[in-house]
Amino acid sequence: MHGSNKSRDLTKLADMVLPLSIKTLLFDLDGTLCQHHPSSQDIFFELLDEYHLQIDSAAKRKIRQFIHYYWSNSPEATADMEAYGAMNDAFWTRYLQRKLSLIGMQTEKAAELASLMQPKLEELYHPETVIADDVRPTLKSLRAKGYKIGLVTNRSKPIDQDVEELGLRPFFDFLLS
């Protein structure tokens, strides 16, 4: 369930009568059940404005698509993890450089600007995890209807503690990261 009206989509799901052959429902955590505000892309776009780099909506859409592609185990993400060994400053600088290249910036200029932006992004990006008001009632309703519910994420580390802290663990039969 992707899109800007995810909360309304969840409410519709709880009210639907699903075919009897469907016994299990899978949900993604980040970007579906919970959102991070402000998002890293919002901060990235603010920094572009700060550096007087105006980009149009098509370029923003291209960057958003790349973000989803990159974090879904893309070859680029794998190469970056292998090259930098961890999600350290060099990793994040390379990630920013990749995004800057998408908007047509030459490699050298993108590397230079990414080096300037990375510490600012780290300073500014301290998001709050937000769960929409309808998430818990929707999950509760689906469990009451007898569906098995799983949480699947592309995070590379276990999510058990995070899901527990968010108060979502009671709704899931299994977690998979």
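First, the ground rules. The model is predicted, so local features need pLDDT of at least 70 and side-chain atom pairs count only at pLDDT 80 or more, while totals for chains, interfaces and linings use all residues. Residues are numbered from 1 along each chain as its sequence is written, and side-chain values use heavy atoms, with hydrogens and water left out.

The overall picture. The chain has eight helices and five strands, taken as DSSP runs numbered from the N terminus (H or I, at least four residues, for helices; E, at least two, for strands). Their order from the N terminus is α-β-β-α-α-α-α-α-β-α-β-α-β. Of the 177 residues, 33% are buried, meaning under 20% relative accessible area; exposed is over 50%, and partly exposed is in between, with a 1.4 Å probe and protein chains only. Among contacts (heavy atoms within 4.5 Å) with a separation of 6 or more, 67% join residues 24 or more positions apart.

Now the cores. A nonpolar core here is a set of buried Ala, Val, Leu, Ile, Met, Phe, Trp, Tyr and Cys residues joined through side-chain atoms within 4.5 Å. The largest has 22 residues, and Phe44, Leu48, Leu100 and Met117 touch the most other members. At least two residues of this core come from each of α2 (40-50), α3 (57-70), α5 (89-102) and α6 (107-124). Leaving aside residues up to four places away in sequence, Phe44 touches Ile63, Leu96, Lys99, Leu100, Met117 and Leu121. Another core lies apart from this one, with 19 residues, including Cys34, Ile131, Ile149 and Leu175.

Next, α3. Which residues of α3 are buried? They are Ala59, Ile63, Phe66, Ile67 and Tyr70. These cover an arc of only 105° around the axis, so they sit on the same side of α3; the arc is that of the directions from the helix axis to the C-beta atoms. An α-helix has 3.6 residues a turn, so residues three or four places apart point the same way. The buried residues of α3 pack against α2, α4 (75-84) and α5. On the other side of α3, Ser57, Gln65 and His68 are exposed. At the start of α3, a side-chain oxygen of Asp56 comes within 3.3 Å of the backbone nitrogen of Ala58.

Last, a loop residue. Ser156 lies between β4 (148-152) and α8 (160-165). Its relative accessible area is 68%, so Ser156 counts as exposed. Ser156 and Asn73 are 83 residues apart in sequence, and their C-alpha atoms are 9.6 Å apart.

Terms used. Polar contact = N/O pair within 3.5 Å; in protein donor to acceptor, adjacent residues only side chain to side chain.
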